[in-house]
Amino acid sequence: MIRRQRLAAGLGALLAALAAGLAFPAGAVADETTASAPKVDLVIDVSGSMRTRDIDGQSRMSAAKQAFNEVLDATPEEVQLGIRTLGATYPGDDRQTGCKDTAQLYKVGPLDRTDAKTAVATLNPTGWTPIGPALLKAAGDLDGGTGFKRIVLISDGEDTCAPLDPCEVAREIAAKGIGLTIDTLGLVPNVKMRRQLSCIAEATGGTYTSVQHTDELADKVNQLVDRAADPVVTPVATEGAASCAKAPTLNSGLYTDREEFGQQRWYRVDVKPGQELRASVSVAADRSMHPDYGVLLRAVTVHGREIVRGEAAGTGRTDVISTGLRYPKADSDDDNAPAETVCLAVTNSFSAAPGVKTTPGMPVELTVDVVDGPSQADDVASFGLGRGWWLLGLLVLIGFLAGVVWGWLSRWRVAVWRTN
């Protein structure tokens, strides 16, 4: 009897151990999945100015609530989402208290859409605009895990809690290297607010968007939340040189650099026969500029001959100016043919307004992609004209025919005049 009890106890312990052994790996997998899940913290301005009724006939707060509800319905299952407020609880005039007014309305984690919508419904425009403190707290909300992290800040005005400059706060967050991106959305076409929100976004590689309609707000926030679930390409910091000979060699990828006013930066890319180089550059006007400016991207041989170029000009209406180029290298019958080193030169014609600091340089984002080229590479970028040769030939032919017809009509009219 005793042996039977011991045997039963032993079997029970063995089964328990097996069950535990099977359970732990599953738990580990769940923990790994949670740790790598993308996280998004929506930071919403609930200051008193959000009562203003200038968005599609309703208040800014009502438009934000409606947009949030649409976003919550469309949030991907794999995204862990949270909501943080700023200026939501303190209605008084004490600046020190008002600048601490930020709270986590909905904790970052697996989304319960009903609970999140219930929390959003309680929002009521109240107090100050402590953007800097809210960003610091939001970075803490997203702490931990290895997945992509994004803050989406929605505001209708600039920070009211200086000297804690929210732009400096964003730079501090970026310097921590935690892979956190801040995107900003402005609800009012205000110059000071645009500059501040643009600076916050650019400090972490994010974007600034001005939205003045409810559907635009919902669409943009949805886009940013969806982007968090997509694979992320992290820009690689590089430093261009003053000449091609000293330039860094870049592979396919996304790169960031800084370029001073009127400066030229050089980079090198190796292109094998049968491949095509595709490059684009964006330069951000992150400070006050004179209205007329431009950016030039050139592909040049190591001997200084220009192959192809891309250029763009601006008039002060946009914060970023971009251009690009393509250079396909013809295929070779020699399997051992060496790659060609192509020099990329980025030049800008920005000029700063009086009293504006010229250092550090303006943010530059360079995209390099080397892919398999087209079957007939020689007619795509011949002498920098690409397929423009066909258009040029057509224009010459049309001009010739038009001249012949006009000459014939002129002679006929003269003959008729003489007859009469």
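## First stop: a loop residue

Select Asp 56, which is placed in the loop between strand E2 (53-55) and strand E3 (58-59). Helices (H or I, at least four residues) and strands (E, at least two) are DSSP runs, numbered from the N terminus. Asp 56 is not a glycine, yet its phi is positive, at about 55°. Its relative accessibility is 45%, and therefore Asp 56 counts as partly exposed. On this scale, buried means under 20% relative accessible area, exposed means over 50%, and partly exposed lies in between (1.4 Å probe, protein chains only).

Before continuing, note that this is a predicted model, in which local features need pLDDT of at least 70 and side-chain atom pairs count only at pLDDT 80 or more, while totals for chains, interfaces and linings use all residues. Residues are numbered from 1 along each chain as its sequence is written, and side-chain values use heavy atoms, with hydrogens and water left out.

## The whole chain

Now display the entire chain as a cartoon. Its secondary structure comes to nine helices and 17 strands. The chain has 420 residues, of which 43% count as buried. Contact means heavy atoms within 4.5 Å. Among contacts between residues at least 6 apart in sequence, 75% join residues at least 24 apart.

## The six-stranded sheet

Select the six strands that form an open sheet in the order E5-E4-E1-E6-E7-E8, with mixed pairing. E5 and strand E8 (208-210) stand at the edges with a single partner strand each, so one side of each has no neighbour in the sheet. From one strand to the next, the twist averages 15°. Two strands pair if DSSP finds at least two bridges between them. Strands of a sheet pair through backbone hydrogen bonds, either parallel or antiparallel.

Next, highlight strand E7 (residues 180-186) with E8: the two run parallel and are joined by three bridges. Which residue of E8 is the bridge partner of Thr 184? The partner is Tyr 208.

## Ser 155 in strand E6

Select Ser 155, found in strand E6. Is this residue buried or exposed? Ser 155 counts as buried because its relative accessibility is 0%. A polar atom of its side chain lies 2.8 Å from the backbone oxygen of Gly 157. A polar contact is a pair of N or O atoms within 3.5 Å; within protein, one must be able to donate a hydrogen and the other to accept it, and residues adjacent in sequence count only if both atoms are side-chain atoms. Leaving aside residues up to four places away in sequence, Ser 155 touches Asp 45, Thr 129, Ile 131, Leu 185, Gly 186, Leu 187 and Met 193.

## Helix H4

Move to helix H4 (residues 113-121), whose buried residues are Ala 116, Ala 119 and Val 120. They cover an arc of only 100° around the axis, which puts them on the same side of H4. The arc is that of the directions from the helix axis to the C-beta atoms. Thr 114 and Ala 121 are exposed on the other side of H4. At the start of H4, a side-chain oxygen of Asp 112 comes to within 3.2 Å of the backbone nitrogen of Thr 114.

## The four-stranded sheet

Finally, select the open sheet of four strands in the order E11-E16-E13-E14, whose pairing is antiparallel. E11 and strand E14 (306-314) are at the edges, each with a single partner strand, so one side of each is left without a neighbour in the sheet. Six of the eight residues of strand E11 (residues 264-271) are buried, so E11 is largely enclosed by the rest of the structure.

Technical notes:
Axes are lines fitted to C-alpha atoms, for helices over the stretch in contact, and angles run from 0 to 180 degrees between N-to-C directions.
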